[in-house]
Each structure stands twice: as C-alpha cells, then as structure tokens.
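Trainee: I'd like to learn how to read a sheet and a core. Can you walk me through it?
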Amino acid sequence: MTEIIDILISASFWAAVIRIASPLIFATMGELICERAGVLNLGIEGIMVIGAFAGWMGVYQGLPLWGGVATAMCAGMLFGLLQSILTVPFGLSQHVVGLGVTLLATSSASFTYRLMLPEVTSPPKIEPFQPLDIPVLSDLPWLGEAIFQQTALTWAAFAVAGLTAWVLFRTPLGLAVRAVGENPAAVEAQGLSVTGLRMGAVIVGSGLMAVGGAFLTLSAFSSFFFEMVNGRGWICVALVVFGAWKPGKAVLGALLFAGFDALQIRLQQTPIGTHLPYQLFLAAPYLLSILALILMSRRAEVPAALMTPYNKGER
Amino acid sequence: MTAPKPEAEIVLRLDRISKRFGALLANDAVSLDLKKGEVIALLGENGAGKTTLMNILFGHYVADAGEVQVFGQSLPPGNPRAALAAGVGMVHQHFTLAGNLTVLDNIALGTESLWSRGLGRAAARAKVAKLSVDFGLAVHPDAKVGKLSVGERQRVEILKALYRDARILILDEPTAVLTPQEADALFATLRKATALGLSVIFISHKLHEVMAIADRCIVLRHGRVVGTVDTHTTDKGQLATLMVGGELSLPRAEPRAPGAVRMRFDQVFTPDRGATPGLKAVTLALHAGQITGLAGVSGNGQAALAELVAGLALPSSGRLSLNDVPIDTWSPRLALAKGVARIPEDRHHQGTIADFDLTENAVLEAYRSRRFSRRGWMNWRAAKSFAEEIIAGYDVRCPGPGVRIRLLSGGNMQKLILGRAMSGGSSSDGPEIILANQPVRGLDVGAIAYVQSQLLAARDRGAAVLLISEDLDEIMGLSDVIHVISQGRLSPGFGRGTMTAAELGLWMAGQNFAHDQSEAPNAA
C-alpha cells in the first residue's frame with residue numbers, strides 16, 4: 001500500500017498522467033464530435049496511425065513542429081472525408097466503413113513509410129516539442145513539476161476540449177450538430193443540411209484524431225514506429241461512452257485511464273511488481289476502464305440517431 | 001369559424017401536383033387553393049396521398065410534375081429552407097424534434113447563422129413567450145423535449161412554425177396522438193391563428209374534427225381530388241361517401257346461403273389504447289361460405305378485432321369461440337393450427353421479412369410443420385417447391401423463389417402472402433377462417449381484382465372470410481354481410497344490397513349507435 005501512496009505523491013506521476021492523457025483527449029474529442037453528429041467513426045485507430053506518421057514525416061522532411069501537426073490534421077481530414085462520404089451520403093454501415101478506414105489508413109502509413117525510407121532499418125528521430133517554461137508556475141515546488149512543465153501540444157489538447165464543449169453547447173453550430181445526431185429529420189425540417197453537418201463533423205473530428213496520433217510522435221516520443229498507437233483509438237471510443245458524450249466527463253475519463261496506466265508502469269518497478277506477472281499490470285488499466293465504463297454509462301443519453309443513416313425523402 | 005370573405009387573398013396554390021412511388025401514383029394532378037384566414041381540411045383514407053402532397057409542398061419530396069406557389073411566388077422543389085422562408089410551417093405527423101435539446105433550442109435551431117459565436121437566447125425566449133401567450137401554447141422553454149408529453153411536443157412543433165413567422169400552417173393528422181381535451185386546446189389555438197390572418201391546412205380522416213374546424217374540405221382518393229365541399233353545407237355522411245368513393249368497379253359475387261358459424265364473438269371488450277378505442281360489447285358471427293365485411297374509418301377498433309382473430313390477443317371480457325368451442329388459450333400459432341389464415345394489414349412489416357427470400361417468406365407460418373422440417377432440420381427442397389407452387393398458382397411475378405421479397409412490388413408481395421394464407425401451410429383443404437385486413441391497400445387495379453377474386457373463391461370453397469377495409473366500394477362489392485365499426489362499437493349486420501353508401505357513411509360517422517351499448521361490461 002505504501003508503494004502506491006509513494007507513487008501518488010510523486011510529482012512525476014502526475015506529469016505522466018497529463019502526458020499520457022493528452023493524445024487520448026484529442027482523439028476522444030474527435031470521436032465525440034463524430035458521434036454527437038450521429039456517425040460512429042471506427043476509423044479512429046487508423047486515423048491516429050496516419051496522424052502519427054504524417055506529423056513525424058512532415059517534421060523529418062523539414063517542416064516546423066506545428067507544420068507537422070497541420071500535416072497530420074490534413075491527413076486525418078482526408079481519411080475523414082472518405083469515411084464521411086461512405087457513411088453519410090451513401091449511408092453504408094458505419095462499423096464496416098470504420099474498420100475499413102482503419103485498415104486502409106494503417107497500411108497507407110506503412111506503405112508510404114517504406115516508399116519514402118526504403119533503406120532505413122530503424123526509424124530516424126526528430127526533435128520533438130519541448131516542455132514550455134511558464135514563468136512562476138513552472139518553478140513552483142511540486143506543483144510546477146507535476147502540472148506546469150508540459151509541451152505546447154498538451155496545453156492544446158486541453159484547449160481543444162474546452163473549445164469542443166463551447167462549440168457544442170454554446171453556439172448554433174453545436175446545437176445543429178447535436179440535433180443532427182438526435183433526429184436528422186428535425187434538422188432537415190428546420191431547413192439545414194443533414195449531409196453537410198454530418199460530413200463536416202466527421203471531417204473535423206477525424207482531423208482531431210490525427211492530431212492525437214501526431215502527439216505520440218511529435219511530443220511523447222521523438223520517432224515513429226508502427227505499433228505505437230496500440231489500441232488507443234479503441235480506448236477513445238470507449239471514453240466517449242464513459243463520458244456520456246460530454247466533453248468534460250470524457251476528459252476526466254482520459255485522465256483516469258492515464259492515471260491507471262502511469263500507475264501500473266510505476267508499480268512494476270516496486271516490490272509488488274516482482275511478485276506479480278507484468279501482464280497483469282499491463283491489463284489493469286483496461287480492466288479498470290471496463291469496470292468504470294459499466295458503472296458510469298448506465299444512465300448515459302446516447303445520441304438517438306447514432307449509427308442511423310439518413311435518407312432524404314425515403315418512404 | 002368565421003368564413004373568409006370570398007375575395008380573400010390566395011396565399012397558397014398547388015397546381016397539378018403529381019408524384020409516383022414505384023408503381024403507386026401517390027398524387028395525380030392535385031390542385032388546390034388556400035385563402036388567407038381559412039382552414040381547409042384535406043380528407044382521405046390512409047394511402048390517399050394527403051401526407052405525400054404536404055411533403056411535396058414543404059420540400060421533403062420533389063414532385064414529378066406540378067408547381068407550388070406561395071403568395072404568388074413559385075417555390076423551388078425539394079427545398080424545405082425555401083418553404084420555411086416563404087412562410088410555410090409544417091407540423092409533422094411524426095414530430096421532427098430533437099429529444100436531447102430544450103424546447104427553446106429546438107425552436108431556434110436553424111434560425112440563426114451556424115457561424116455566429118453565441119446563442120442569442122434572450123430575444124428568442126421573449127418571442128417564444130409572446131407566441132405562447134398569443135396562441136395559447138403553454139410549454140416550458142427550458143424543458144428537455146424528450147421529457148415532454150405528446151401534446152406538449154405538438155405545441156413545440158407549432159411554436160417552431162410560428163417562431164419563423166409562418167403564415168401558412170400545415171398540420172398532418174395533428175389529433176391522431178392527442179386526447180380529446182388536447183385536441184380541443186389545439187382547435188382553440190387554430191382559431192386564434194386564423195383570427196390573426198394565418199391560413200391552415202388540416203390533414204385528417206376524422207370526420208367530426210373536419211366538420212368542427214374546417215371551412216372547406218378537399219377530399220382525396222387514390223391520389224386524386226374527388227371533391228371540394230364547403231363544410232357549412234355538407235354533413236358527415238356525405239363526406240364519408242366522398243372519402244371512400246361511390247363508383248363501383250368490382251367483381252360481382254353471387255349470393256350464397258351461409259354455413260355453420262366458424263368463429264363467434266360474444267359481448268367482447270378490449271382495452272382502449274391511447275386515443276384508439278378498444279372493442280365495446282362486440283357480438284359477431286363469422287359464417288362458413290360467407291364474406292363478412294367490416295366497414296369503418298381506420299382507428300375505430302379494427303386493429304383490436306383483427307388481433308383477436310389472428311391470435312395476438314384475448315378479450316378483456318366477453319367470449320370468443322371457434323366452431324362453438326370456447327377459446328381459452330389463444331396464440332398466433334394456435335390460430336394457424338386451427339385453420340385461421342391471415343392477410344395482415346401491413347404487408348411490409350407484419351406480413352413479410354423484407355430481406356428474406358420468397359422461399360423463406362413462404363414457409364414463415366409453417367416451417368415447423370412436418371412438410372418443411374424434421375427433427376429440427378429444415379427441408380429446403382420442400383420449402384422451395386412450396387414457394388414455386390405459390391408463385392405459379394397465384395401469379396407472383398418475380399425472377400424466382402430465391403429473390404429477396406423486398407424487391408417485389410406491393411401487388412406481387414401480397415399475392416405471395418395470399419398464396420401462403422390460402423395454402424394453410426400444411427393442410428390441403430385450405431383455411432377455415434380468413435382474416436383479410438386491408439387486402440388491397442396500395443395495390444394497382446389488376447392486383448386488386450386478383451386478390452378480390454381469390455377471396456370470393458375462398459368463400460365459395462366454404463371459408464369464413466372477415467374482410468376489413470376502409471374502402472366502402474370494396475366492402476359493398478364483396479361482402480355478404482356488412483358490419484360498421486365506430487368507436488369500438490359494432491353495428492348490426494346488413495345483408496348484401498340492403499344499405500346505400502350514404503347510409504353506411506352515417507354509421508361510420510358514429511350516428512345511429514345506441515349509447516347504452518358502449519357502457520360497462522358488467523351486463524354480460
């Protein structure tokens with residue numbers, strides 16, 4: 001028990017929680033926007049991979065770091081366009097399309113990688129985002145290290161979450177997005193375009209997912225490898241449910257998951273870790289997430305038209 | 001209602017609107033004018049084309065031909081935004097509200113630029129509050145729509161239209177979901193609206209409401225306007241006759257002597273379901289070799305009666321008997337086993353499974369019989385040959401038994417259902433009782449004649465047929481005995497040719513019924 005308390009009071013643990021949560025927050029906000037508009041975007045896992053790859057490759061080719069983020073976002077939006085064309089105007093199964101987009105995006109990343117770096121055995125490193133030095137706050141004892149020594153992209157993640165909440169709940173655009181995920185017929189009857197709103201939401205959401213992927217290469221690690229997304233996309237789909245389709249709760253969910261993850265890494269290095277198989281620790285965040293999901297999502301209000309394609313003028 | 005002055009401005013003109021869905025001509029050159037301050041009713045049975053017409057007006061559908069003019073300007077087709085901007089507000093039969101949003105959000109949705117940075121709710125709130133008072137539409141602006149009652153949701157729908165300064169309100173069967181008290185409140189709102197110079201199109205198939213609220217009534221039948229009448233100079237009987245038609249174009253049936261009683265209803269009651277009345281003291285005998293016609297405007301208890309015959313329900317009081325044996329346990333499977341064949345009202349949802357092929361649909365009712373399965377294994381060879389028998393015997397036009405039934409036209413789908421019902425699955429003598437619920441609705445003329453001739457043939461074979469239809473022509477042409485159902489009460493049986501359409505229309509309108517019939521079931 002004392003090991004856990006020791007970990008929880010260490011500043012580096014909290015810094016890690018925020019760092020691990022950041023890519024999840026980007027991608028969860030992306031998925032949340034898609035689902036609020038009524039489209040389940042299972043392309044998320046692949047879009048994160050392509051985002052991680054495109055951002056890293058952009059910077060490796062000489063773009064500034066923010067140029068890499070923009071590259072990742074554009075790549076994600078491109079796959080979002082594909083996802084949205086197939087699911088919105090064509091009304092195809094969102095599950096099948098999403099899994100297809102994930103496979104296509106993942107393999108596009110490895111194909112392009114081999115095309116651009118045919119002779120490289122280990123992926124080259126780039127110079128990643130550095131922690132921002134915030135006057136006064138970064139130098140606070142404990143608190144400074146725990147919270148205020150993060151990269152700009154981490155701060156961007158929290159800003160995006162705030163922006164998403166503000167747009168969804170405080171602007172006419174967000175109102176229309178929420179309405180189109182609940183009852184597209186209502187949106188059409190009020191003279192708005194169901195297709196336009198849904199496609200827009202999927203494209204923007206996919207862009208955010210890709211930035212979440214790019215966080216891994218441009219901020220968390222300084223290189224790209226294929227397994228780096230490693231199911232984070234699927235976790236984000238669960239986090240949206242966990243957060244009951246509300247940005248604030250979803251951010252809390254991301255922090256909670258990141259907390260479990262940071263905790264298990266540290267626990268492996270304590271005496272407890274020597275007694276238990278390490279696979280148990282790796283599985284712990286997922287098991288705890290499933291538990292939390294069951295407890296939290298029972299009263300959730302699912303967008304009523306989620307996964308229901310809308311066909312204008314159908315009898 | 002104060003009648004509008006004859007010279008009142010024409011606010012809306014539909015000019016020869018036509019719309020076809022596949023083989024069905026839903027609207028056939030429909031024209032109408034609406035004047036300022038006027039309420040017109042669009043009356044017609046289900047499938048007459050009322051809702052299609054209004055959806056074209058509002059831009060949900062694009063007409064194949066014809067033009068919509070609002071205040072003299074023609075509307076671009078298929079554009080709800082243009083219809084809204086021109087002052088047309090529609091209250092849909094199935095509300096178009098987002099349940100996760102508040103009343104205010106639902107009303108304001110789409111009225112402000114998507115790219116404005118905030119929600120300007122103060123002005124919206126004030127306007128909604130004023131409209132609520134002016135039109136008597138009390139509803140809390142911050143309540144989530146998902147938590148509201150049906151009546152409250154309808155008020156939100158009307159507020160939505162008024163908020164956009166609609167000058168023309170279209171209400172699609174607005175009272176179908178309301179209690180009588182809510183309906184009265186709605187009528188009061190509509191009177192306030194017309195007093196303020198709005199015009200209203202009121203879609204309904206309830207005659208008394210039309211008489212109560214409308215100035216003029218336009219009757220649609222099979223997609224065509226069959227009459228325009230002033231409600232001040234007409235009565236319910238005349239409207240009913242117009243609605244269900246006066247022309248005769250049916251196979252002639254020779255009278256036959258009735259056989260034994262197959263099924264008997266004795267003082268049967270069923271519970272009311274929302275606004276739809278249950279059966280009230282219904283006594284009815286279905287004789288072998290006879291078609292018993294059940295006439296009436298839909299929603300008057302036909303569904304409850306059909307469920308009893310089909311085995312889907314038991315009466316809450318009263319007795320049901322089959323070949324003079326009282327029925328105590330009753331289920332669809334039992335009904336099938338006892339020789340009840342069913343042609344359900346909704347062939348798409350109750351009669352067939354759209355993505356199953358013809359073979360699978362053909363054996364849906366009989367797959368457990370020894371002919372089609374042994375020890376839990378399907379005999380698909382027998383099933384397929386059965387489907388082929390139906391296809392050949394009942395003239396089902398299709399590429400083959402392996403095609404999904406959703407690809408068939410309504411008429412061919414109905415022929416398969418008919419063949420399935422008449423074959424009785426396993427027994428060779430055919431069914432003893434046939435429940436034919438709206439058997440020809442939405443079919444083309446050829447298919448109608450075929451289905452009706454098959455029903456007559458089944459009668460001649462000795463089956464007891466219960467024919468439920470809203471089409472008086474069909475009822476009068478086929479039935480040996482006609483009962484009229486109204487508000488769950490059943491009229492006495494009238495023999496073939498003893499009643500005119502107008503006389504039946506009066507019964508359908510609920511007149512002639514003795515009031516004591518509808519009282520409590522204790523007497524039985």
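Mentor: Strands of a sheet pair through backbone hydrogen bonds, either parallel or antiparallel. In chain B, four strands make an open, antiparallel sheet in the order 12-11-14-15. Strands are DSSP runs of E, at least two residues, and helices runs of H or I, at least four, numbered from the N terminus; two strands pair if DSSP finds at least two bridges between them.

Trainee: Which strands stand at the edges?
Mentor: Strand 12 (282-287) and strand 15 (325-326) of chain B; each has a single partner strand, so one side of each lacks a neighbour in the sheet. Strand 14 (residues 317-322) of chain B pairs with strand 15 of chain B over two bridges, and Leu322(B) sits opposite Val325(B).

Trainee: What packs on the sheet?
Mentor: Helix 9 (residues 302-310) of chain B, touching strands 11 (261-269), 12 and 14 of chain B. Contact means heavy atoms within 4.5 Å.

Before going on: this is a predicted model, where local features need pLDDT of at least 70 and side-chain atom pairs count only at pLDDT 80 or more, while totals for chains, interfaces and linings use all residues. Residues are numbered from 1 along each chain as written, chains are lettered from A and ligands numbered from 1 in written order, and side-chain values use heavy atoms, without hydrogens or water.

Trainee: How many residues has the largest nonpolar core?
Mentor: It has 96, and Leu169(B) and Leu190(B) have the most contacts inside it. Such a core is a set of buried (under 20% relative accessible area, 1.4 Å probe, protein chains only) Ala, Val, Leu, Ile, Met, Phe, Trp, Tyr and Cys residues joined through side-chain atoms within 4.5 Å. Leu190(B) touches Phe202(B) and Ile213(B), among others.

Key. Axes are lines fitted to C-alpha atoms, for helices over the stretch in contact, and angles run from 0 to 180 degrees between N-to-C directions. Buried means under 20% relative accessible area, exposed over 50%, partly exposed in between (1.4 Å probe, protein chains only). Lists of a residue's contacts leave out its neighbours within four places in sequence.
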